[in-house]
Amino acid sequence: MVSYKELGLVNTRAMFAKAVKGGYAIPAFNFNNMEQLQAIIKACADTKSPVILQVSKGARNYANQTLLRYMAEGAVQYAKELGWKRPQIVLHLDHGDSYELCKSCVQTGFSSVMIDGSALPYDENVALTKKVVRYAHRFGVTVEAELGVLAGVEDEVAAEESHYTKPEEVVDFVTKTGCDSLAISIGTSHGAYKFKPEQCTRDPKTGKLVPPPLAFDVLKQIEKKLPGFPIVLHGSSSVPQEYVDIINTHGGKLPDAVGIPEEQLRKAAKSAVCKINIDSDSRLAMTAAIRKVFTDKPGEFDPRKYLGPARDEMVKLYTHKIVNVLGSDGKAK
Ligand SMILES: [Zn+2]
């Protein structure tokens, strides 16, 4: 048994309480490799932003759970080296799909886990979440649960259509399970194709797709039912057009990729939403930077010469999200 406390990590409890009161949201960035992790820590150390490092099932399969755990431990030390005296870093399991997986993460140093029973019938979701909460809380590990189904694909999490969270269920669910935060569905979704073109309107001036707005009325009802309770938004990348354009003009093919407009996320961050998950945007930043090097310097074959610029681009992206969208800068001094 390795406790997250020994690794210098923190759970989400105090972090979320502060964020809900302060009207900002904590960034939850996924990582699978060293360059992403370096970029996340650099951006958070520079801006003194608390951060949630997320490991998905796909990341565990790709990079190995043990290695990722040691990377997170290294990240705490790296943050201190960068001059961040008291780094507030959470290591979080994204979309845990079984009690056994959550238990194994608790035992190997994760400070937070998500149990995603959202595809199960309501009562089974309650029972599974409750079981995970009971185990995790014994070790001070916080638990995120999910109600409602998001559309889209995030690693192996796939759903055909989205079902908004039912506000009338949230009080019963949170009371019965004892979860620490709740992921809800209000129209965000996983991946770089959050909406089909027929769901969008076209801006007559630019010809770009404009996605439908998030269901803020549902969020408001949930906030009313659960005052001060931490709410989580998954699938909240904005799919920046400049990255999509660079990718498409440098040999890539991402036609009609659409994300959630940043002004809507800014509005959500000011509400009870205190954790916003961003993964696709960092993938796009990385891909755009690498494609650019490959086109501009076809003779380049030193990975540092294309992963380096990709890392720099991700630092810019993460810093932008922290400062201009989530408002979490300066909250972990
Ligand atoms: Zn998700």
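1. Let's start with helix 2 (residues 34-47) and helix 12 (residues 303-326), whose axes come within 8 Å and cross at roughly 40°. That angle makes helix 2 oblique to helix 12; angles under 35 degrees count as roughly parallel, over 145 as roughly antiparallel, 65 to 115 as roughly perpendicular and the rest as oblique. The axes are lines fitted to C-alpha atoms, for helices over the stretch in contact, with angles running from 0 to 180 degrees between N-to-C directions. The crossing of helix 2 and helix 12 is right-handed, meaning that the near helix is turned clockwise from the far one, by less than a right angle. Helices here are DSSP runs of H or I with at least four residues, strands are runs of E with at least two, and both are numbered from the N terminus.

2. A word on what you are looking at: this is a predicted model, in which local features need pLDDT of at least 70 and side-chain atom pairs count only at pLDDT 80 or more, while totals for chains, interfaces and linings use all residues. Residues are numbered from 1 along each chain as its sequence is written.

3. Which residues meet where helix 2 and helix 12 pack? On the helix 2 side they include E35, I40 and A43, and on the helix 12 side they include A310, M314 and Y318. Contact means that two C-beta atoms, placed from the backbone, lie within 7 Å.

4. Helix 2 is mostly covered, with 11 of its 14 residues buried. A residue is buried if 20 or more other C-beta atoms lie within 10 Å of its own, exposed if 12 or fewer, and partly exposed in between. Among the buried ones are K42 and C44. Their packing partners are strand 1 (26-30), strand 2 (51-55), helix 4 (65-81), helix 11 and helix 12. From first C-alpha to last, helix 2 reaches 20 Å, close to the 20 Å expected at 1.5 Å a residue; the expected span is 1.5 Å times one less than the number of residues.

5. K48 sits in the loop between helix 2 and strand 2 and is partly exposed, with 19 other C-beta atoms within 10 Å. H95 also has a positive phi, about 55°, although it is not a glycine. H95 lies in strand 3 (residues 89-96) and is buried, with 25 other C-beta atoms within 10 Å.

6. Helix 11 (residues 280-296) holds M286, which is buried, with 23 other C-beta atoms within 10 Å. Leaving aside neighbours within four places in sequence, M286 touches A310, E313 and M314.

7. Which residues touch the most other members of the largest nonpolar core? They are I40, L53 and V113, out of 94 residues. Such a core is a set of buried Ala, Val, Leu, Ile, Met, Phe, Trp, Tyr and Cys residues joined through C-beta atoms within 7 Å. Not counting residues up to four places away in sequence, the contacts of V113 include H92, C102, V132 and A136.

8. V132 and A136 are also among the buried residues of helix 6. The cover over that helix's buried residues includes helix 5 (99-107), strand 4 (112-115), strand 5 (142-147) and helix 7 (167-177).

9. Finally, helix 7 packs with helix 8 (residues 216-225) at an angle of about 35°, their axes 9 Å apart. The contact is made by P167, V170 and V171 of helix 7 and V218, Q221, I222 and K225 of helix 8.
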